[in-house]
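Thanks for coming. I will talk through one structure, starting with the ligand and ending with the chain as a whole. Please have a look at it first.

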Amino acid sequence: MSSHGKNALVTGASRGIGALLALRLAADGFRTVVNYAGNAAAAQDVVNRIAQAGGEAIAAQADVADSGAVEAMFDAADKAFGGIDVVVNNAGIMKLAPIAQFSDQDFGQLVAINLNGTFNVCREAAKRVRDGGRIINVSSSVIGMRLPSYGPYIATKAAVEGLTQVLAQEMRGRGVTVNAVAPGPVATDLFLEGKTQELIDRMAKMNPLERLGQPEDIARVVAFLAGSESGWINGQIVRANGGMC
Ligand code: NDP
């Protein structure tokens, strides 16, 4: 693993998709900031795995819903690595219930983390990512599916896509691209928790490849968007979902 002098920050990188994103970007030579909310041991495990493979990483606790904490995380990244080139806005949660039954508490938490959190990190990234950098947000392919119970979650991810497209325009003149990846169902805690095996199997077959996505499937797309080969892709939403529609 050799460093090319560029640095990446991945939010929600202690588990699930984010952990694989951090491992992959580190394997591609980025010094990597592994953000987490509460699971310090899991984040440290990701940092250790990166170090064992010859890479460089630090763990950084910050609730993305807290704008002050996000600012402090970018300060810590600057201090450790001297600047950030790639920001992956991956942290997110999912709460499901029909709109008529959705509680204020769940709605508030969903919006705070998925929308305010993505906004807080986008704002800081827009100010701090070095020229030629990359900002990559994480949406969801369920946006197109109109699935009952997904209303507020879909609303937050539709907002993420809106922020992505406008920020791409606002970064004019800096050589910074802003894109989003919109995964279909991926086998992580967020997707699997609370679902019956029958429902999991049914959702796995919604795409013509007839399997769930794996975090590695998403890591490959993010690695491409983070790298030098993707420079002409800007303001786009990449739906990485095995062909689900
Ligand atoms: P997981 O639940 O497996 O992991 C969530 C990660 O986000 C953890 O690292 C967690 O940290 C972190 N996190 C949660 N809340 C916060 C917060 N407030 N501040 C900082 N970090 C936080 O989720 P996935 O890996 O499945 O999801 C990652 C992203 O992908 C999300 O944005 C999700 O909406 C999106 N997505 C997922 C799909 C799927 O099927 N899995 C499909 C489409 C999109 P900690 O460990 O400390 O709690």
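**The ligand and its surroundings**

A polar side-chain atom of Arg15 is 2.7 Å from an oxygen atom of the ligand; a polar contact here is a pair of N or O atoms within 3.5 Å. Asn39 has a polar backbone atom 2.8 Å from a ligand oxygen, and for Asn90 a backbone N or O atom lies 2.8 Å from an oxygen of the ligand. On its own the ligand has 910 Å² of accessible area, and the protein covers 94% of that, by the Shrake-Rupley method with a 1.4 Å probe.

Before going on: this is a predicted model, where local features need pLDDT of at least 70 and side-chain atom pairs pLDDT 80 or more, while totals for chains, interfaces and linings use all residues. Residues are numbered from 1 along each chain as its sequence is written, and side-chain values use heavy atoms, without hydrogens and water.

How many residues surround the ligand? There are 31, and the closest are Ser14, Arg15, Gly38, Tyr153 and Thr188; to be near, a residue needs a heavy atom within 4 Å. By class, this shell has 15 nonpolar, 12 polar and four charged residues, with Asp, Glu, Lys and Arg counted as charged, Ala, Val, Leu, Ile, Met, Phe, Trp, Tyr, Cys and Pro as nonpolar, and the others, Gly among them, as polar.

Which element gives the largest share of the shell? That is α6, with three residues.

Now the chain: eight helices and seven strands, as DSSP runs (H or I, at least four residues; E, at least two). The C-alpha atoms fill a box of roughly 45 × 35 × 35 Å along the principal axes.

Key:
A polar contact is a pair of N or O atoms within 3.5 Å; within protein, one must be able to donate a hydrogen and the other to accept it, and residues adjacent in sequence count only if both atoms are side-chain atoms.
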